[in-house]
Amino acid sequence: MNQALSHLQPYPFEKLRALMAGAQPPEGKAHIALSIGEPKHASPAFVAKALADNLDKLSVYPTTAGLPALREAITRWCAQRFGVPTGWLDPARHVLPVNGTREALFAFVQTVAERDREGLIVSPNPFYQIYEGAAILAGVQPYYLPCLEAQGFNPDFDAVPAQVWDRCQVLFLCSPGNPTGALIPLDTLKRLIGLADQHDFIIAADECYSELYFDEGTPPPGLLSACAALGRSDFKRCVVFHSLSKRSNLPGLRSGFVAGDADILKAFLLYRTYHGCAMSIPTQLASIAAWQDETHVRENRDLYREKFDAVLDILGPVLDVQRPDGGFYLWAGVPMGDEAFCRELFCEQHVTVVPGSYLSREIDGVNPGAHRVRMALVAPLAECIEAAQRVRAFVEARR
């Protein structure tokens, strides 16, 4: 048995189930879950049609590299979305379809990490737990950079010691952040690329929430934007991860892509060939349809804006909570321990949220998620409003 498995932490939702054991919610109130970040908006009908129209192709083995047409559609989308000059991204060398970002993030670390007890996989804290698990099972150490309110919920990269960067093999970024919703500015991304060159590490940018933002006139930058701004046409040491799950409300399709440094992707393709994780051809053809359309993505953002407007009007007067830069989470400060808040809220109001401390690690006596909770505004508008009203009533009853 792989002994590293014993070092994996329970997933946040396992901890949440244990926290709620024996809890008795009120019978007269329907349950509203703001805990799991699973999109609930309708999936695009034209994507479902493309999937159904091509079910006959299930009889064909797909290739790990994916259809050229899918890689070309992804390349066009990257060029339009992140300002990558025409011709920089080669669909055959710089793009690789994957079965959603979760699978790809984990497998990527197994590909690029060198087993070394002194090696580090550096990530934000709080963070998506796959980063940590991938590091542990790759035989390197996770290293956490706190995301505190004083720094706009982004890591203070300037405070990271040079010896940490020297030991760093992979730097994980998440922008907009899960759970904070914070964006990493373009100038910061450019500085991080410089650090990657200086200290020889890879930047793995998890951008699966990149299409959920509030200002239609100012889409958030990504790591590819920084490469374009620097004239870095080889995307050296830079890899981005994207998905249709949040952008297009297609979490069940398990479709995304990795793009960037061709040498790294060549190695990743080799790993994935042995891993046996090729995307089915019907899924690939449906994905092409999704990447080629932006109308449904704008409509999706409109739905989230409406929910954030309504919920923040209700919760703003009673909680420490602000509109995030992007994503669909609220990272709310609460006036008591986050575990107690979540359990008592469930028992009294039948609303489920996640303790912030479950999404973070305590380092040097500080857990950046303590006294915070994550609320995923994925339920329909009416349910989000009802949940916010219940949360407000719960908080006001304790004043």
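Reply: Phe257 has a relative accessibility of 0%, so this residue counts as buried. The model is a predicted one. Phe257 belongs to a cluster in which ring pairs link Trp77, Phe82, Phe257 and Trp291.

Over the whole structure, a search finds 18 aromatic pairs. One of them joins Trp77 and Phe257: the ring centres are 6.1 Å apart and the planes stand at 75°, so the pair is edge-to-face. Trp77 is part of helix α3 and Phe257 part of strand β8 (residues 256-260), so the contact ties together parts that are 180 residues apart in sequence. Trp77 has a relative accessible area of 3% and is therefore buried.

Phe108 and Phe268 form another such pair, with ring centres 5.5 Å apart and planes at 85°; because of that angle, this pair too is edge-to-face. Phe108 sits in helix α4 and Phe268 in helix α10, and the two are 160 residues apart, so that the pair links distant parts of the chain. Phe108 and Phe268 are both buried.

Two rings also have a charge over them. The charged end of Arg272 sits over the ring of Phe268, at 5.3 Å from the ring centre. In the case of Phe214, Arg323 lies over the face of the ring, 5.1 Å from its centre.

Charged side chains come next. Side chains of opposite charge can pair when their charged atoms come close. In this model the count comes to 23 salt bridges.

Helix α3, which holds Trp77, takes part in one of them. The side chains of Arg81 and Glu211 meet in a salt bridge with an N to O distance of 2.9 Å. Arg81 lies in helix α3 (residues 68-82) and Glu211 in the loop between β6 (202-206) and α8 (223-230), so this bridge ties together parts that are 130 residues apart in sequence. Arg81, at 13% relative accessibility, counts as buried. Glu211 has a value of 3% relative accessibility and also counts as buried.

Lys236 is in the loop between α8 and β7 (238-243), and Asp263 is in helix α10 (residues 262-275), so the pair ties together parts that are 27 residues apart in sequence. The reason is the cut-off: exposed means over 50% relative accessible area.

Glu118 and Arg167 form a further salt bridge, with 3.7 Å between N and O. Glu118 is in the loop between α4 (101-112) and β3 (120-125), while Arg167 is in helix α6 (residues 162-167); the two are 49 residues apart, and the pair links distant parts of the chain. Glu118 counts as partly exposed at 48% relative accessibility, and Arg167 counts as partly exposed at 33%.

Finally, salt bridges join Asp197, Asp200, Arg232 and Arg237 into a network.

Notes: Residues numbered from 1 in each chain as written. Predicted model: local features only at pLDDT ≥ 70, side-chain atom pairs only at ≥ 80, totals over all residues. Heavy atoms only, no water. Salt bridge = Lys/Arg side-chain N within 4 Å of Asp/Glu carboxyl O. Helix = DSSP H or I, 4+ residues; strand = E, 2+ residues; numbered from the N terminus. Buried < 20%, exposed > 50% of the residue type's maximum accessible area, 1.4 Å probe, protein only. Phe/Tyr/Trp six-rings, centres within 6.5 Å; stacked < 30°, edge-to-face > 60°. Lys NZ or Arg CZ within 6 Å of the ring centre and 35° of its normal.
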